[in-house]
Amino acid sequence: MKVKGIDSEERITLQEMREMLLKVEADRLGAGKEMSYELRRSIEHANHLSKTSAEKSRELVEKLLSLEKIKPDIAFRIASIMPRTRDELRAIYAKERFTLSGEELDEILDLVEQHF
């Protein structure tokens, strides 16, 4: 598939991407068109890794952005991955120039747990 240009750009979570892919799949099946290998694999991947609904993931992003030390990229990554332990959360922050305290990690994990 060739892309000629980008009209707009928007961050979305994995769960939101899954819903978009499912709509594309339904449209293709309804029209009797065959789905490409890449599309089938993308849908399978999104279904396998999505752990919550799109609404809950977007709500989690908004709550995470209200906390200190959370950049938009990290908030979307947390909402897509839904880490369950401190180690998983530390892996997300591995490239950052700062580290989070145990209390900050627990606060983020509590928010993730509420939106599971």
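Accessible areas here come from the Shrake-Rupley method with a 1.4 Å probe. On that basis, the protein chain has an accessible surface of about 8,300 Å², and 49% of that surface belongs to carbon and sulfur atoms. Keep in mind that this is a predicted model.

**The overall picture**

What you're looking at is a helical chain: six helices and zero strands, so to speak α-α-α-α-α-α when read along the sequence. Taken along the principal axes, the C-alpha atoms fill a box of roughly 55 × 30 × 20 Å. The chain has 116 residues, and 32% of them count as buried. As for contacts with a separation of 6 or more, 60% come from residues 24 or more positions apart.

**How the helices pair up**

| Helix pair | Crossing angle | Axis distance | Handedness |
|---|---|---|---|
| α1 (residues 14–31) and α2 (residues 37–49) | about 140° | 9 Å apart | left-handed |
| α3 (residues 54–65) and α6 (residues 102–114) | roughly 160° | within 10 Å | right-handed |
| α3 and α4 (residues 72–81) | roughly 140° | within 9 Å | right-handed |

Start with α1 and α2, which pack at an angle of about 140°.

Next comes α3, which shows up in two of the pairs. With α6, the axes cross at roughly 160°. That makes α3 roughly antiparallel to α6, because the angle is over 145 degrees. The residues in this contact are Leu-60, Lys-63 and Leu-64 from α3, along with Ile-108, Leu-111 and Val-112 from α6. By class, five are nonpolar, none polar and one charged.

With α4, the α3 axis crosses at roughly 140°. Here α3 brings Ser-57, Arg-58, Leu-60, Val-61, Leu-64 and Leu-65, while α4 brings Pro-72, Ala-75, Phe-76, Ile-78 and Ala-79. The class count for this contact is nine nonpolar, one polar and one charged. Leu-60 and Leu-64 turn up in the α6 contact and again in the α4 contact.

**A residue on α3**

Glu-59 is found in α3. Its relative accessibility is 39%, so Glu-59 counts as partly exposed. Glu-59 also sits 11 Å from Thr-13, C-alpha to C-alpha, although 46 residues part them in sequence.

Most residues other than glycine have a negative phi. Against that background, which loop holds Lys-69? Lys-69 is in the loop between α3 and α4, and its phi is positive at about 65° although it is not a glycine. With a relative accessible area of 37%, Lys-69 is partly exposed.

Met-82 is the other one. It lies in the loop between α4 and α5 (86–92), and its phi is near 55°, again a positive value in a residue other than glycine. Is Met-82 buried or exposed? Its relative accessibility is 0%, so Met-82 counts as buried.

Note on methods
Residues are numbered from 1 along each chain as its sequence is written. This is a predicted model: local features need pLDDT of at least 70, side-chain atom pairs count only at pLDDT 80 or more; totals for chains, interfaces and linings use all residues. Side-chain values use heavy atoms; hydrogens and water are left out. Axes are lines fitted to C-alpha atoms, for helices over the stretch in contact, and angles run from 0 to 180 degrees between N-to-C directions. Helices (H or I, at least four residues) and strands (E, at least two) are DSSP runs, numbered from the N terminus. A crossing is left-handed if the near helix is turned anticlockwise from the far one by less than a right angle, and right-handed if clockwise. Buried means under 20% relative accessible area, exposed over 50%, partly exposed in between (1.4 Å probe, protein chains only). Contact means heavy atoms within 4.5 Å. Angles under 35 degrees count as roughly parallel, over 145 as roughly antiparallel, 65 to 115 as roughly perpendicular and the rest as oblique. Ala, Val, Leu, Ile, Met, Phe, Trp, Tyr, Cys and Pro count as nonpolar, Asp, Glu, Lys and Arg as charged, and the others, Gly among them, as polar.
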